Amino acid sequence: MSQYKLIFALLLSYDKHCNALGQLEYTVYKNIVIVFGKKQWNEEKLTVGSCPFQKIRGIILNDVELSEFNKVHTRLGSASLFKNGMLYAAASYANKRAALNMTANRGLNFGNIGLNVFAEQSQQIDVITNSVKEADDELANVLIFPELSINHDMLGTLENSLSSTSNLNLVVAGSYYKGSSGSTYKNISIIYAKIGGKWEAVTEYSKLIPFTMGYTEKISDIYGFDKSKYPVGQYKLLVEDIEMNDNITLLPYKDCIVGVAICRDAMDLLDSHNPLHKYCDFVDVMLVISDNTGDSNMFVGTAECLARWHNCATVYTNSIHEAGTDKLDSHLEISFALYPRKGSNVTSSTSVSGEINYAEEPFKAANFDPNMVGILYSHGITYGTLDESKHCKIYEIVAAK
């Protein structure tokens with residue numbers, strides 16, 4: 001115990017004297033990555049779940065994660081993502097015409113039905129081209145697409161659209177199912193970065209926690225599943241038919257570290273399988289993409305925790321259209337950005353924006369007790385009518401001075 005106290009005291013002392021670092025310095029020792037240099041948010045607060053250091057952070061990676069980290073750092077480590085203390089992020093939410101489709105794929109163990117979700121090709125082209133143009137025109141340097149919004153055969157369309165951009169530097173290209181009938185699928189996202197003026201697919205991220213939903217008579221009718229093939233009494237759950245990956249993905253820039261998550265990977269910090277337990281204090285920004293068709297409270301709650309406890313910003317986006325239906329979801333935030341406020345002795349966080357489609361009287365429409373709003377929803381989220389002519393929201397995220 002005395003040795004640990006001595007190491008802790010030395011680290012605290014060093015933490016106070018590394019202010020001069022103008023950029024992040026990365027050191028790898030075996031499977032441990034240590035980074036020296038301040039995060040983009042520097043509130044001096046300490047909770048049970050947070051890191052006590054302001055300018056020293058570390059993470060333990062497995063062999064696969066470390067190999068990928070080193071490869072990505074070689075390509076991104078000399079580039080910056082923030083511009084004059086600002087991160088301009090665009091969250092594509094598709095549009096009302098970009099309907100998603102859901103199909104039963106195969107029976108799994110434990111009475112589950114494997115599930116795939118997809119969008120029509122023409123709608124994907126519309127989402128890709130318009131979102132890229134809007135984001136670049138609005139000077140955004142980061143763009144994220146919703147989960148399952150861009151199939152593998154549409155990545156060429158995305159790459160062509162990116163080739164004419166002048167402001168974008170980083171793109172999380174939605175996700176798609178990688179696999180074939182009878183094999184194991186992955187819900188995988190390709191991540192593009194501009195390096196030396198040219199776009200490259202620098203790495204990828206595979207979803208860790210699958211989507212699940214109860215299989216009932218009503219659900220079967222809504223999505224048109226063949227009940228003779230998938231009897232309601234026999235199958236209890238609809239389960240996303242993916243291999244549960246164990247590896248996180250990090251994007252180590254010169255001025256910040258970015259993490260990526262897909263939908264349920266970032267829903268609940270109390271879930272021991274949640275990869276955010278590994279990210280928390282290490283990253284400056286989490287980019288979360290989703291195809292959520294239910295209430296987003298847990299996403300907002302997780303983002304609040306990351307902001308308040310771990311000095312980590314979250315940019316989240318979602319498709320506005322429920323899978324398999326012709327209506328908009330009436331009770332979820334389409335996109336938002338949450339990040340820590342600047343200044344000492346501040347324990348709350350700031351949400352730049354949010355969208356909900358019963359925007360005129362959101363809490364009255366949901367029959368919420370006004371006193372509960374502060375518990376269920378971030379005070380910082382502002383609700384406004386959705387612009388049906390647009391495909392994405394732009395967020396200006398301000399770093400600490």
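**View 1. Three strands form an open antiparallel sheet in the order S1-S2-S3.** In this predicted model, local features need pLDDT of at least 70, side-chain atom pairs count only at pLDDT 80 or more, and totals for chains, interfaces and linings use all residues. Residues are numbered from 1 along each chain as its sequence is written, and side-chain values use heavy atoms, leaving out hydrogens and water. The edges are S1 (25-29) and S3 (56-60), each pairing on one side only. From one strand to the next, the twist averages 20°. Strands are DSSP E runs of at least two residues, and helices H or I runs of at least four, numbered from the N terminus; two strands pair if DSSP finds at least two bridges between them.

**View 2. S1 meets S2 (residues 32-36) through 5 antiparallel bridges.** Look for Glu25, whose bridge partner in S2 is Phe36.

**View 3. Helix H2 packs on the sheet.** H2 touches S1, S2 and S3, with contact meaning heavy atoms within 4.5 Å. The direction of H2 makes about 150° with that of S1; angles run from 0 to 180 degrees between N-to-C directions, along lines fitted to C-alpha atoms, for helices over the stretch in contact.
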